Amino acid sequence: MEYMPHEPIVPSRWYNIIPDLPAPPPPPLHPGTRQPVGPDDLAPLFPMELIGQEVSGERFLAIPQDVLDVYRLWRPTPLIRAHRLEKSLGTPARIYYKYEGVSPAGSHKPNTAVPQAYYNKLEGVRRLTTETGAGQWGSALAFACAQFGLECEIWMVRASYDQKPYRRSLMQVYGAAVHASPSPVTGAGRKILAGHPDSTGSLGIAISEAVEVAGSAADTRYALGSVLNHVLLHQTVIGEEALKQLPEMPDLVIGCTGGGSNFAGLAFPFMRERPETVFRAVEPEACPSFTRGRYAYDFGDTAGFTPLLKMHTLGHDFVPDPIHAGGLRYHGMSPLLSHMYELGMFEAVTKSQSECFEAGVRFARTEGIVPAPEPTHALAETIAEALRCKESGEEKVILTALCGHGHFDLGAYDRYLAGELEDYALPQERVDAALAGLPG
């Protein structure tokens, strides 16, 4: 392990890649009129400043001082050369990782939770609602709300609620109210439970519940942890710091993708500065929206409360298997990243759960950090690429995003070490059935 020298200055602005694209991404549509949504359509859910960032044509947006003050609790995050991992692999490749697990919530998610809480506070909002898969986003928003004196109510996917009880505890320590989703608290939750009382839940269902509550109270707004443009924008602090820290430019940038914010946060600044770099997104075989989904307009949630988003989707009715990488169990993908994937700006591959945990254990035993299940997908592909370099003799420079630690995921590692972890082979008929429900 070797820390790279860096400037002790947190980036003062976020990078918006949209003005640099050859064509803008398709807009969200109103499900009733099929016309592009306007600010008034989004105002019940988001403060105007975030709505403005969602459609901004500016390449760079200044980070408010109050946000920077909170960022400095953990930023800049370390960029580390993985010498011990390289040695164990016998590879000539040089591997670097940007470690976001040093944040208070243990992941990259506070990079957007803090500005979202800040802008809502400025607009006089009292309470924020949200969903969370593995609990990283819920933990981050609960932390951010505590910083700005906001109430926080979270719907946590039932599978993760049961698997990761201490994530729920952390959110409650920060002051949040946490429900297992689907829950009897909302109409959307009650409808799911009526038909499937043992439902393990999904991010789409949890989003429906959080949006339903936010839309019914004047002093309440909704916060989303990935997918939308303003979320990806906030995460570019990761790549902007890495640009200053790296002693050499990468040949390959690898990141895991669920909704897309972690991958985009690292990759976008490098796409600007070194477009010849190869960029590779890694997703779970059990929820492969890039590689097996359809690029189409679909709802971002199960109940159909959100605008229609043009994205790679497995269908808003798709309920993924309860793999441990809960943050990657989303039926869709960032519309911005989906558009860029269609433009051929990056690659996408899938990994099985067992290969990912094998990579996570190898990383922990060499580099010392136990990674969350989500970034083990990127680590698995990083290791595979480094071994290809071993065969070819190429001295590639590989940069990956270690977006969070796995201290709350040790139950999953227990199952892996006991040989009890299952790989879920996703049948095509399940994908076809969910895609049949796409809005016509």
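Predicted model: local features only at pLDDT ≥ 70, side-chain atom pairs only at ≥ 80, totals over all residues.
Helices α16 and α17 are roughly perpendicular to each other.

**Packing of α16 and α17**

- Two packed helices are described by the angle between their axes and by the distance between those axes.
- Helix α16 covers residues 353-367 and helix α17 covers residues 373-392; their axes are 8 Å apart and meet at an angle of about 85°.
- An angle from 65 to 115 degrees counts as roughly perpendicular, and α16 and α17 are therefore described in that way.
- On the α16 side, the contact is made by E355, C356, F357, A359, G360, R362 and F363.
- On the α17 side, the residues that meet them are P373, T376, H377, L379, A380 and I383.
- Sorted by class, the contact of α16 with α17 contains eight nonpolar residues, three polar residues and two charged residues.

**Cysteines**

- A search of the whole structure for disulfides finds zero.
- A disulfide requires two cysteine sulfur atoms within 2.5 Å.
- For C287, the closest cysteine sulfur belongs to C256 and is 13 Å away, so the two are too far apart for a bond.
- For C403, the closest cysteine sulfur is also in C256, at 4.0 Å, and this separation is likewise too far for a bond.
- C287 is buried, because its relative accessible area is 2%, and buried means under 20%.
- C403 also counts as buried, with a relative accessibility of 1%.

**S139 in helix α6**

- S139 is located in helix α6, which consists of residues 136-148.
- With a relative accessibility of 0%, S139 counts as buried.
- A polar atom of the S139 side chain lies 2.7 Å from the backbone oxygen of G135.
- Leaving aside residues up to four places away in sequence, S139 touches A105, R167, L170, M171 and Y174.

**G215 in helix α10**

- G215 belongs to helix α10, which is formed by residues 203-215.
- G215 is exposed, because its relative accessible area is 53%, and exposed means over 50%.
- Along the chain, G215 and L45 are 170 residues apart, whereas their C-alpha atoms are separated by 6.4 Å.

Note on methods:
Residues numbered from 1 in each chain as written. Heavy atoms only, no water. Axes fitted to C-alpha atoms, helices over the stretch in contact; angles between N-to-C directions. Helix = DSSP H or I, 4+ residues; strand = E, 2+ residues; numbered from the N terminus. Parallel < 35°, antiparallel > 145°, perpendicular 65-115°, else oblique. Contact = heavy atoms within 4.5 Å. Nonpolar A, V, L, I, M, F, W, Y, C, P; charged D, E, K, R; others polar. Buried < 20%, exposed > 50% of the residue type's maximum accessible area, 1.4 Å probe, protein only. Polar contact = N/O pair within 3.5 Å; in protein donor to acceptor, adjacent residues only side chain to side chain.
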